[in-house]
Every structure is written in structure tokens, then in C-alpha cells.
Amino acid sequence: MITCSEAVKQLWDYLDGVVEESQRELVEEHLSFCRRCCGELEFAEELREFLASNADDDLAPEVRARLTATLDGLDRA
Amino acid sequence: MRDHAPTDTQDAVRERFQALAERELSRLYGIARRLVGDDAEDVVQECLLRAYRNFAQLENEAAGKHWLTSILVNCARDQWRARGRRVETVELDEVDEFSLFRKIADEDPFPYSDSVHLDFLHQFGSEDVRAVLTSLPELYRVPLVLVHMAGYHVKEVAFMHEVPLGTMLARLHRGRKLFERELWGYAEENGLLKEGARP
């Protein structure tokens, strides 16, 4: 059995699939009866999606033009 | 073996590099924006020049995407060093106990909401997220950006930085916790904890 504090420390790693099998089982056992940690887990998933959804940036045409000019002038740099 | 005049060979190499770089330009710029904010263009430019100088070292062009990302991260790091920023570490105890989930539940900033946690996140635009990210120490920001925004596996990031997986996992853990804490702090400072603060 693990405590809420121990479970919460591992939730992101659990989502990333990088906890060891024995720890994974302990986390899942804890989640099976702890509603608050299930909420923590759900929120960790939302935060992951939130980060991923803020990952893209449109490359402004003027920035692209300057970077492309760098590529065009590579042998002169 | 085909015989190339030296200039032909150089042209061919440059064209191969340009094709690779152009494919990766948007992605590199997106990562750079999150690592160095407004200096992204300078860092990407330096990355392109440095990568071209070392293009001959890239043995497998299929690995070009990761290779360019490694160079970009090094360029960002060099820029931080040039600006005199020290590598700042954070004691785990300082942040480990912070839970944004609990903080939002306890403070209940949107009392009439049925989805207070999501509503909290929806207050943040891309610029806000970037501002929070760039406020984090580089040591934690880099893995956070590479894993959760650029789609790298933490093992790849550990390999890229030549550190053990356990070390990178610890940095990533601290980065997430710091990000949670800074999100809350940013929301407080910028008046985002009010119903209708953002349309």
C-alpha cells in the first residue's frame, strides 16, 4: 500500500509509462480506492493535453523569410 | 564512385542540408520560442549555421530531426551562459508538495463552475503559457518542453543530454511541479482567478 503523497509523486511518470512494474501496480491499487488521487490523475492528463495544445507556433512569414535567407546564404556565412 | 567537382559536391551537400532544415524550421522555431522566448529567431539562426558547419558529422540523415534539436538546445544553453545565467537548481522539498489540483479545489476561484480545473487552464493563452515556461529554470524547462511539447520520450532527452534516465526523470518531475506552481502564481498576478477574466 502507498499513501496519497507517494501516489501523487508518481502520477506523471505513471502516465508516461516510466514507472517500474511493481510501482505501477501499487499506484493502480491506490487509484482503485482513492477518489482524490483519481482526480489528481485526471488533472495530470488535462495538464499534459494543455501543454501539448500550446506546443505549436505559426512561423510568421517575415521570420520564415529571414531564416530561409540564412539557409540561402549558408556558404557565405 | 562518381567524380564530383568540389563545388558540385558542396552544392549537393548544401541542398541536402537546406531540404532537411526547411522541413524542420517550424518545429525548431516552436521549441525555441518555449526555451528562449523572444530570442527564438536568433537561436534558430545560430542552430542552422552550427548544424551546417557540422553536417558532415551526421552519419544518418534520418536522424537529422533529433540531431537538429540537440544542436538547438545547445545553442539555447550557450545563449543562457553568454547572458551570465547560472544553472539554477531547485530543492525538491520546495515544490514537491505543491499540487495545482488541490490548490484549485481549495481556493475554488470559479465557485459557479462545474469544471473548475479545466476553467482554470482555459484562462491561459499561448503567450501566458510561454511566459510561465520561460520563468522556469532552464534545467527543468528544457525537459518539460521537449517531452510535453515537442513529443520526445524522456529516454531520448536523457540520451540527448548524456545524463542517466533517473536524473532526467527527476528534472522532469521538478519541472512539472514548478510549472504547476508558476501557473498558479501567474494567474494570481495577472488577475486570471476571476470569472470572465478572459473571454
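Predicted model: local features only at pLDDT ≥ 70, side-chain atom pairs only at ≥ 80, totals over all residues.
**View 1. Glu162(B) sits out in the open, in a loop of chain B.** You'll find Glu162(B) in the loop that links α9 (154-161) to α10 of chain B. Check its backbone too: phi is positive, about 55 degrees, even though Glu162(B) is not a glycine.

**View 2. Asp108(B) is another loop residue with a positive phi.** Here phi comes out at about 45 degrees, and once again the residue is not a glycine. Asp108(B) belongs to the loop between α5 (100-107) and α6 of chain B. Is Asp108(B) buried or exposed? It has 11 C-beta neighbours inside 10 Å, so Asp108(B) counts as exposed.

**View 3. Val36(B) is a buried residue of helix α1 in chain B.** Why does Val36(B) count as buried? There are 23 C-beta neighbours inside 10 Å of Val36(B), and the cut-off for buried is 20 or more, so it qualifies. Which residues does Val36(B) contact, once you skip neighbours within four places in sequence? The answer is Val43(B), Ala76(B) and Gln79(B). For a sense of scale, take Ile71(B): Val36(B) is 35 residues from it in sequence, and the two C-alpha atoms are 14 Å apart.

**View 4. The largest nonpolar core has 62 residues.** The members that touch the most other members are Ala32(B), Val43(B), Val44(B), Cys47(B), Leu72(B) and Val145(B). Helix α10(B) gives the largest share of this core, eight residues. Where does the core lie relative to domain 1 (6-82) and domain 2 (92-189) of chain B? Both domains give residues to it, so the core lies between them. Now pick out Val145(B): leaving out residues up to four places away in sequence, it touches Ile31(B), Arg34(B), Leu35(B), Leu133(B) and Ala150(B).

**View 5. Domain 1 and domain 2 of chain B meet each other here.** Nine residues of domain 1 and 11 residues of domain 2 take part in the contact. On the domain 1 side, α1 and α3 (64-82) of chain B are the elements that give two or more residues. That side is made up of four nonpolar, three polar and two charged residues.

**View 6. Chain B and chain A touch, with 31 residues from chain B and 28 residues from chain A.** Stay on the chain B side for a moment. The helices α1 (6-36), α2 (40-53), α6 (116-122), α7 (126-134) and α10 (165-189) each supply at least two residues there. Which helix gives the largest share? That's α1(B), with 10 residues. Sorted by class, this side has 15 nonpolar, 10 polar and six charged residues.

**View 7. In chain A, helices α1 (residues 4-16) and α2 (residues 21-33) cross at roughly 115 degrees.** Their axes come within 10 Å, and the crossing is left-handed. From α1(A), the residues making the contact are Ala7(A), Gln10(A) and Tyr14(A). Helix α2(A) brings Gln23(A), Arg24(A), Val27(A) and His30(A). By class, that makes three nonpolar, three polar and one charged residues.

Definitions and conventions. Residues numbered from 1 in each chain as written. Chains lettered and ligands numbered in written order. Contact = placed C-beta atoms within 7 Å. Helix = DSSP H or I, 4+ residues; strand = E, 2+ residues; numbered from the N terminus. Nonpolar A, V, L, I, M, F, W, Y, C, P; charged D, E, K, R; others polar. Axes fitted to C-alpha atoms, helices over the stretch in contact; angles between N-to-C directions. Left-handed = near helix turned anticlockwise from the far one by under 90°. Core = buried A, V, L, I, M, F, W, Y, C linked by C-beta atoms within 7 Å. Buried ≥ 20, exposed ≤ 12 C-beta atoms within 10 Å, placed from the backbone. Domains from an automatic or database assignment.
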